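Dear colleague,

Please find below the structure that I am handing over to you. My findings follow it, and I would be grateful if you would read them alongside the coordinates.

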Amino acid sequence: MDIYREKHQFKDMYELALYAVRVDPLSEWEIYVIEALTSLGRFAESERYYEDAVNLYIKEYGGRSNEHVRDFIKRLGENLFHEHETIDQIQEKLADTDDSGGNGYYCSLPVFQ
């Protein structure tokens, strides 16, 4: 994997890691899959894969209280990156463009909590 990483061959890294996960599940190759996906800019897919991998390990090893699971989740999360947005993109998402008379930031108490 180091060779793929050094040469920025993340597509090949992804394919090899995904193959390894299929051959030997629960052997922590999922870390490389997520690293490759984020390096390829496939952030949404890497987040979904992260959630699926965490759920699989929790189910297999009996919950988050298991030290192996906690360590794996930590190492897995270190490779999960999020797409950066410009300030203009963030402000556009926050803009209240609803013309229905306000309440653009209203949500119920349970949702807020």
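A polar atom of the Ser46 side chain lies 2.7 Å from the backbone oxygen of Phe43. Please note that this is a predicted model. Ser46 belongs to helix H4 and is buried, its relative accessible area being 0%; the cut-off for that term is under 20%.

Both Phe43 and Ser46 also take part in the contact between two helices. From H3, the residues involved are Glu30, Val33, Ile34, Leu37 and Thr38. They meet Phe43, Glu45, Ser46, Tyr49, Tyr50, Ala53 and Tyr57 of H4. By class, the residues of this contact comprise eight nonpolar, two polar and two charged.

As to geometry, two packed helices are described by the angle between their axes and the distance between the axes. Helix H3 spans residues 30–39 and helix H4 residues 43–61. Their axes come within 8 Å and cross at roughly 165 degrees. Angles over 145 degrees count as roughly antiparallel, and H3 and H4 are therefore roughly antiparallel to each other. The crossing of H3 past H4 is left-handed.

Regarding the chain overall, the secondary structure consists of seven helices and zero strands. The chain has 113 residues, of which 27% are buried. Of the contacts between residues at least 6 apart in sequence, 47% join residues at least 24 apart.

With kind regards

Key: Residues are numbered from 1 along each chain as its sequence is written. This is a predicted model: local features need pLDDT of at least 70, side-chain atom pairs count only at pLDDT 80 or more; totals for chains, interfaces and linings use all residues. Side-chain values use heavy atoms; hydrogens and water are left out. Axes are lines fitted to C-alpha atoms, for helices over the stretch in contact, and angles run from 0 to 180 degrees between N-to-C directions. Helices (H or I, at least four residues) and strands (E, at least two) are DSSP runs, numbered from the N terminus. Angles under 35 degrees count as roughly parallel, over 145 as roughly antiparallel, 65 to 115 as roughly perpendicular and the rest as oblique. A crossing is left-handed if the near helix is turned anticlockwise from the far one by less than a right angle, and right-handed if clockwise. Contact means heavy atoms within 4.5 Å. Ala, Val, Leu, Ile, Met, Phe, Trp, Tyr, Cys and Pro count as nonpolar, Asp, Glu, Lys and Arg as charged, and the others, Gly among them, as polar. Buried means under 20% relative accessible area, exposed over 50%, partly exposed in between (1.4 Å probe, protein chains only). A polar contact is a pair of N or O atoms within 3.5 Å; within protein, one must be able to donate a hydrogen and the other to accept it, and residues adjacent in sequence count only if both atoms are side-chain atoms.
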